[in-house]
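Student: I would like a close look at a single part of this protein. Please keep it brisk.

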Amino acid sequence: MGTEQAEHGWRVDGRCTNCDVARQLAPGLIGEVAGRSAVLRQPRDAAEAGRLHAAAHACPSRSVRPPGGRLDPARDPFPMPLDAGTGTGTGAVLLCGHNSPHTAGANSYLLRRPDGTSMMIDTPRWSPALAARYEAPGPVTDVLLTHRDHAAHGRPYADRFGARLWIHEGDLDAAPDADRVLRGTEPARIADGVLALPFPGHTRGSVLYLADDRYCFSGDSFYWSRTTADIEVVDSVTWYSIRELAASLTRAAGRLRFEWLLPGHGDRRRLPHGEMADRLRHLAARTRELRPRPVDFAAVRW
């Protein structure tokens with residue numbers, strides 16, 4: 001990168017934590033170089049510039065810097081639609097952006113329901129101004145936490161929305177004032193079309209949230225890897241038990257039906273129901289062969 005481009009073009013500064021968020025939103029423009037994100041090339045048109053603005057407004061460390069260094073609030077695309085939904089009873093999903101350093105930069109989502117309300121799955125960084133943006137499409141009735149690592153802003157958002165805060169008993173110490181506590185490993189109904197499936201492994205209290213036979217909000221239980229072009233588990237960052245995660249996958253592999261994989265960390269992917277089910281069965285088999293290993297964030301196959 002030339003001196004003029006470094007001074008006046010898009011760049012990623014030294015605060016980058018290699019969380020992968022920017023690379024998800026601006027593929028081909030931002031990539032991984034020497035263990036952190038870097039701008040691979042400058043945008044060639046307005047659409048590419050828009051992807052870089054999305055990456056900048058999502059980056060939890062605010063490391064993605066536009067020309068001149070100042071983010072333009074008018075170029076903030078969040079909450080950003082991912083899927084408009086099809087058919088009666090199917091809501092839209094929006095990506096919240098504004099990922100928080102207090103949730104390790106996790107993605108969070110708004111799930112729109114047919115009655116005009118929304119549910120928030122995991123949480124973006126907290127601010128009253130952001131909360132107003134997220135409730136603008138309609139009242140938020142529930143804040144659904146997938147596990148302890150993503151619980152940091154659950155209570156402020158739930159209180160602002162007047163919503164119910166959900167977490168599993170296995171991670172209850174991370175949100176001891178939760179309004180609804182999931183227990184055991186059996187599925188629990190959250191609302192029409194929305195189920196919680198306890199999924200111990202990444203943490204003791206990890207949960208999948210499933211909606212409309214279309215969406216799977218997987219937290220950190222599994223994700224789409226661009227490196228392997230497949231669904232993967234983060235075996236190098238498993239806080240509770242890789243064997244329990246394998247057991248959860250084995251129990252669920254033949255029961256889960258969805259098209260959209262929407263994780264907290266790692267990339268998103270939409271595939272036909274049948275292909276998604278086949279990949280999950282293969283993932284369960286691969287995970288049963290894994291053994292515990294030391295935590296190593298650098299080993300994640302983004």
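Student: What is the order of the strands in the open sheet of six strands, and which pairing does the sheet have?

Tutor: Keep in mind that this is a predicted model. The order is 12-13-14-15-18-19. The pairing in this open sheet is mixed. Strands of a sheet pair through backbone hydrogen bonds, and they do so either parallel or antiparallel. Now go to the edges. Strand 12 (188-191) stands at one edge and strand 19 (269-270) at the other. Each has a single partner strand, so one side of each is left without a neighbour in the sheet. Find R189: it stands opposite L195 in strand 13.

Next, two helices. Helix 6 (residues 242-252) packs with helix 7 (residues 273-288) at an angle of about 150°. Their axes are 9 Å apart. Angles over 145 degrees count as roughly antiparallel, and that makes helix 6 roughly antiparallel to helix 7. The crossing of these two helices is left-handed. On helix 6, the contact is made by I242, L245, A246, L249 and T250. On helix 7, L280, L283, A284, T287 and R288 take part. By class, this contact has seven nonpolar residues, two polar and one charged.

Last, step back to the whole protein. There are seven helices and 19 strands in it. Its C-alpha atoms fill a box of roughly 60 × 45 × 40 Å along the principal axes. With 302 residues, a compact globule would have a radius of gyration near 19 Å, and the protein's 19 Å agrees.

Conventions: Residues are numbered from 1 along each chain as its sequence is written. This is a predicted model: local features need pLDDT of at least 70, side-chain atom pairs count only at pLDDT 80 or more; totals for chains, interfaces and linings use all residues. Side-chain values use heavy atoms; hydrogens and water are left out. Axes are lines fitted to C-alpha atoms, for helices over the stretch in contact, and angles run from 0 to 180 degrees between N-to-C directions. Helices (H or I, at least four residues) and strands (E, at least two) are DSSP runs, numbered from the N terminus. Angles under 35 degrees count as roughly parallel, over 145 as roughly antiparallel, 65 to 115 as roughly perpendicular and the rest as oblique. A crossing is left-handed if the near helix is turned anticlockwise from the far one by less than a right angle, and right-handed if clockwise. Contact means heavy atoms within 4.5 Å. Ala, Val, Leu, Ile, Met, Phe, Trp, Tyr, Cys and Pro count as nonpolar, Asp, Glu, Lys and Arg as charged, and the others, Gly among them, as polar. Two strands pair if DSSP finds at least two bridges between them. The radius of gyration is taken over C-alpha atoms; the globule rule is 2.2 Å times the number of residues to the power 0.38.
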